[in-house]
Amino acid sequence: MSEHRRSFINWGVSEEGEESDSQAEEKIEEDDGIPVRYGYPSKIKEKKKMAIDPDGATMQAKGGERVLMKVSAFRQSLSKKRAASGALLIGVIGMAACVLPGSTPTRYIPDQMKKTSSAFDYHDGANYGYNETTFDVGNSEQSGKYNLQLDEPMISGGITIPPYIDATFVDTFQPSDDGGFELTPFLATSGEYPFFWRVPNVGSRIENMLVSCVKAVLATSAFRDDERGAENALRVYNIEDRAYVNVDLSQTFGIERASDLNLADSGLADVFVSPHFNYVAHKLLSSPQHKGRMFTVFRHPIERAIVSHSDFIKKHQADSRLAQMSLAEFAQSDYSSKDWLTRFLVNKRRERVTWEDVQKAKEILRKKFLIGLYDRVEESMERIERYFGWFKNGPLERECHQNLIAAERAHDTEDYMYEVGREESIDVGSEVYELLVNNNVNDMEVYWYAVALFGEQGKLFPPPVW
């Protein structure tokens, strides 16, 4: 990983606690011009300065540097005393694999990412100022236009975005020397934190790729119903080969606990994940030395609403009344959210959303967010990973992303088929569609503005390879 972000450093440790044979050597490589550091601690006393978790997965330096240990049981068995026999064993196994036909199973690893799309297919942008000319998920070119410019503010007069948002979160882009615009460079060593604004029914999918494929340590909601989330000290736990800080940023009291325990100063997390970015700005990133870099992935509001209904039905199978609730009934009930995106962007949960609120929401997105789209998730993940210096186009990275995306697309199809089987139609113009649009009129406008932003921000990135 790059020196420009919190590094993931593999440490070799033997069964007896001895250091690896390559402990005295540090190798510096270049990956697309970015320094990559691999190495082992030079002296045993360095380990004594670390606080190690019981599961042996992580170590936290007193100075704040977090080191993720990833040592297999097989590698641990190769201590100094067993190195020679281990090497001989590896050689024998390698010869056997070459001699015995079919002894090593082949695994399909994609040469490049396969573009996918959701089973839902809503193209209603023209109703919100976004003119779609063509739509092809395999085409990286722009599929429409909004007549939008990155330097065109969406607010004027007395309308402003909250000063604490401006002060706490870094602008996504900045003027370039040639008179245009460029992405604002991200340096993890500056004390800034990537902040993933988690939108319901899409955020968990992106979170899975961050923790599984990028191997980032997340401060999210993994300990929402876990006693470790109430401990009086912060630590990193490995849960099924995924690393999480023992906090819950999905609820305000969990954010308060993380603030009391100085999460930002601890340096334990690589990414903060929460739906409450306004509260996070107040509680976790309010100190001058810590700012946030916001990114998110949007999903069509009607698609999100339909998936919310499918999830609702699954969770309430024990209640026959709720389990039989139709999508139309759900849309007209208090269980269905109304303008979630806009309300959480402007921190207005119950009051009436005004035109000024919608413009303010757009302005926050324009200035402060790196935008991703669920309909173009492969390209979105590439942009996010490039922006933060995480991107690696290796076969294992592609395989990891593609497998997770394929699993989520299968869930999308399952949800789609479930709703189609229950409703006469969920297409644009249907009765159910109109009910859901009425719940999300402002979100529809904000969403299609975000789609346009995605197109404009794409001009600041190199051509996608995923």
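Student: Hi! Which residues does Phe272 touch, not counting residues up to four places away in sequence?

Tutor: Hello! This is a predicted model, and in it Phe272 touches Tyr193, Pro194, Phe195, Phe196, Ala219, Leu249, Leu263, Ala264, Leu284 and Leu285, leaving aside residues up to four places away in sequence.

Student: And which residues of the largest nonpolar core touch the most other members?

Tutor: Those are Trp197, Val245, Phe272 and Phe277, out of 111 residues in that core. Helix H17, residues 441–458, supplies the largest share of this core, with 10 residues.

Student: OK, new topic. How many disulfides does the structure hold?

Tutor: There is 1 disulfide. Cys213 is joined to Cys400, with 2.1 Å from S to S. The link is left-handed, at -85° about the S-S bond.

Student: What does the pair tie together?

Tutor: Cys213 sits in the loop between helix H5 (203–212) and strand S11 (218–219), while Cys400 belongs to helix H15, so the pair ties together parts that are 187 residues apart in sequence.

Student: Cys213: buried or exposed?

Tutor: Cys213 counts as buried, because its relative accessibility is 12% and the cut-off for buried is under 20%. Cys400, at 21%, counts as partly exposed.

Student: What about His401, where is that found?

Tutor: His401 is in helix H15, which covers residues 395–422. With a relative accessible area of 1%, His401 is buried. Setting aside residues up to four places away in sequence, His401 touches Met113, Met209, Cys213, Met381, Glu385 and Trp466. One of those, Cys213, is also a partner in the disulfide.

Student: How many residues apart along the chain are His401 and Ser212?

Tutor: They are 189 residues apart along the chain, and 8.6 Å separates their C-alpha atoms.

Student: Which strand is joined to S16 by bridges?

Tutor: That is S15, residues 292–298, which runs parallel to S16 and is joined to it by 5 bridges. Met294, for instance, has Phe369 in S16 as its bridge partner.

Student: And Arg366, buried or exposed?

Tutor: Arg366 counts as buried, at 7% relative accessibility. This residue lies in helix H13, residues 355–368.

Student: What joins the side chains of Arg366 and Glu363?

Tutor: A polar contact of 2.8 Å joins them. A polar atom of the Arg366 side chain also lies 2.3 Å from the backbone oxygen of Leu150. Not counting residues up to four places away in sequence, the residues that Arg366 touches include Leu150, Asp151, Phe173 and Tyr449.

Student: Last one: how many residues of helix H9 are buried?

Tutor: In H9, 11 of its 15 residues are buried, so the helix is mostly covered. Among the buried ones are Pro301, Arg304, His309 and Phe312. The cover over the buried residues includes helices H10, H11, H12, H15, H16 and H17.

Student: What span should H9 have?

Tutor: At 1.5 Å a residue, H9 (residues 301–315) should span 21 Å, and its end C-alpha atoms are 21 Å apart, which agrees.

Definitions and conventions. Residues are numbered from 1 along each chain as its sequence is written. This is a predicted model: local features need pLDDT of at least 70, side-chain atom pairs count only at pLDDT 80 or more; totals for chains, interfaces and linings use all residues. Side-chain values use heavy atoms; hydrogens and water are left out. Helices (H or I, at least four residues) and strands (E, at least two) are DSSP runs, numbered from the N terminus. Buried means under 20% relative accessible area, exposed over 50%, partly exposed in between (1.4 Å probe, protein chains only). A polar contact is a pair of N or O atoms within 3.5 Å; within protein, one must be able to donate a hydrogen and the other to accept it, and residues adjacent in sequence count only if both atoms are side-chain atoms. Contact means heavy atoms within 4.5 Å. A nonpolar core is a set of buried Ala, Val, Leu, Ile, Met, Phe, Trp, Tyr and Cys residues joined through side-chain atoms within 4.5 Å. Two strands pair if DSSP finds at least two bridges between them. The expected span of a helix is 1.5 Å times one less than its number of residues. A disulfide is a pair of cysteine sulfur atoms within 2.5 Å.
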